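Hello,

Here is the structure we talked about. Please look it over, then read my notes below.

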Amino acid sequence: MAASTASRLSPPRFHVSPRSPHPPLRRSRFSPVRAAKLEAVLSIGTHLIPHPRKAASGGEDAFFANSDAGGVFAIADGVSGWAEKDVNPALFSRELMRNSSNFLNDEELQVNGDPQILLMKAHAATSSIGSATVIIAVLEKSGTLKIASVGDCGLKVIRKGQVMFSISPQEHYFDCPYQISSEAAGQTYQDALVCSVNLMDGDMIVSGSDGLFDNIFDQEIISTISESSGVDEAAKALAELARKHSVDVTFDSPYSMEARSKGFDVPWWKKLLGAKLIGGKMDDITVVVAQVKTVAVPDEGGDIEEQKGNEQGIAVAVASAVQNEE
Ligand SMILES: [Mn+2]
């Protein structure tokens, strides 16, 4: 007589099974099944459009991206105020990015894929005068994206057509972001916003300097990405749309909306004529678009390991956000 389902699933509470005469066999070391595990990698597209008046010099944003080792990218935006002191604002941001790129896999420096440590070492090695906002993001094989950001570069994660994650800009006051600096008065890696996000196959990361996020709304980012056929095309399309808005004096941009919310306005006599503070923000525009993919790689351990990816959705852990302000 067949046992009922209930009794098969629920053995008697205090019954101890006798030792099986046939213990489970070890899996053969020479199993014909090829062992594999899943690792997360990034496919990265980038695009930079300099400020219209800085096109000849290439602008003051700098970035690097590397998808060889899982995936890493970084953006630095040189603070333009240095030009008033006869300092080229591009030198600091470019050297900071060059050092970050060089130190990433330097075993002696023991960066170990930690973006905040990378920022510390790259900043310490940068000798140019100047300052910059900066974001560094590193994808671990497990699918965790680790981020360190100082200032107002942005990063958003888009999943299934929705913004699922976004980092907040850090600023002292409107238009004066936190910045890594050659001067002691500036911020350091300790002031960085540090966080981790668990990503899934197909997630899109959109990161950029403030020139991107000051000139484009989330809904435009989502629709532009969905209409693009790859990360290169998406990065270019986003940069071009932001550029179009940045020079449009009639576009009510995220930047002009924020300015009004902070109490900035047109002179009172213009207000009487119905005018309001409006328009895009001319700036260097750097865009990084990265798509998360999970790929099967041979597992050196030999056992078959099943990884289901990250099913619980985005978990955000803000590890440290030291925001001491004088
Ligand atoms: Mn900028």
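Axes are lines fitted to C-alpha atoms, for helices over the stretch in contact, and angles run from 0 to 180 degrees between N-to-C directions. Helices (H or I, at least four residues) and strands (E, at least two) are DSSP runs, numbered from the N terminus.

This is a predicted model: local features need pLDDT of at least 70, side-chain atom pairs count only at pLDDT 80 or more, and totals for chains, interfaces and linings use all residues. Residues are numbered from 1 along each chain as its sequence is written.

**Overview**

The protein has eight helices and 14 strands. It holds 326 residues, and 40% of them count as buried (20 or more other C-beta atoms within 10 Å of the residue's own, with C-beta atoms placed from the backbone). Among contacts with a separation of 6 or more, 73% join residues 24 or more positions apart. A contact here means that the C-beta atoms of two residues, placed from the backbone, lie within 7 Å.

**The sheet**

Five strands form an open sheet, in the order β1-β13-β12-β6-β7. The pairing is antiparallel; two strands pair if DSSP finds at least two bridges between them. β1 and β7 (162-166) stand at the edges with a single partner strand each, so one side of each has no neighbour in the sheet. On average, neighbouring strands are turned by 25° against each other, direction ignored.

β1 (residues 36-49) pairs with β13 (residues 285-298) over 14 bridges, in the antiparallel sense. Ala36 stands opposite Pro298 in β13. Val41 stands opposite Lys293 in β13. β12 (residues 204-208) also pairs with β13 in the antiparallel sense, over five bridges. There, Met204 stands opposite Gln291 of β13.

**Helices on the sheet**

α5 lies across β6 (154-159), β7 and β12, and runs at about 55° to β6. α6 packs on the sheet too, touching β1, β12 and β13. The direction of α6 makes about 165° with that of β13.

**Helix pairs**

How do α5 and α6 pack, and at what angle? Helix α5 (residues 218-227) and helix α6 (residues 231-246) pack at about 140°, with their axes 9 Å apart. That makes α5 oblique to α6. For the term: angles under 35 degrees count as roughly parallel, over 145 as roughly antiparallel, 65 to 115 as roughly perpendicular and the rest as oblique. α5 passes α6 in a right-handed crossing (the near helix is turned clockwise from the far one by less than a right angle). Glu220, Ile221, Thr224 and Ile225 of α5 meet Ala234, Ala237, Leu238 and Leu241 of α6. These contact residues divide into six nonpolar, one polar and one charged. Ala, Val, Leu, Ile, Met, Phe, Trp, Tyr, Cys and Pro count as nonpolar, Asp, Glu, Lys and Arg as charged, and the others, Gly among them, as polar.

The axes of α2 (residues 89-103) and α3 (residues 115-124) come within 8 Å and cross at roughly 125°. α2 and α3 are therefore oblique to each other. Their crossing is right-handed. Leu96, Asn99, Ser100 and Phe103 of α2 make the contact with Leu118, Lys121, Ala122 and His123 of α3. The residues of this contact divide into four nonpolar, three polar and one charged.

Best wishes

Notes:
A residue is buried if 20 or more other C-beta atoms lie within 10 Å of its own, exposed if 12 or fewer, and partly exposed in between; C-beta atoms are placed from the backbone.
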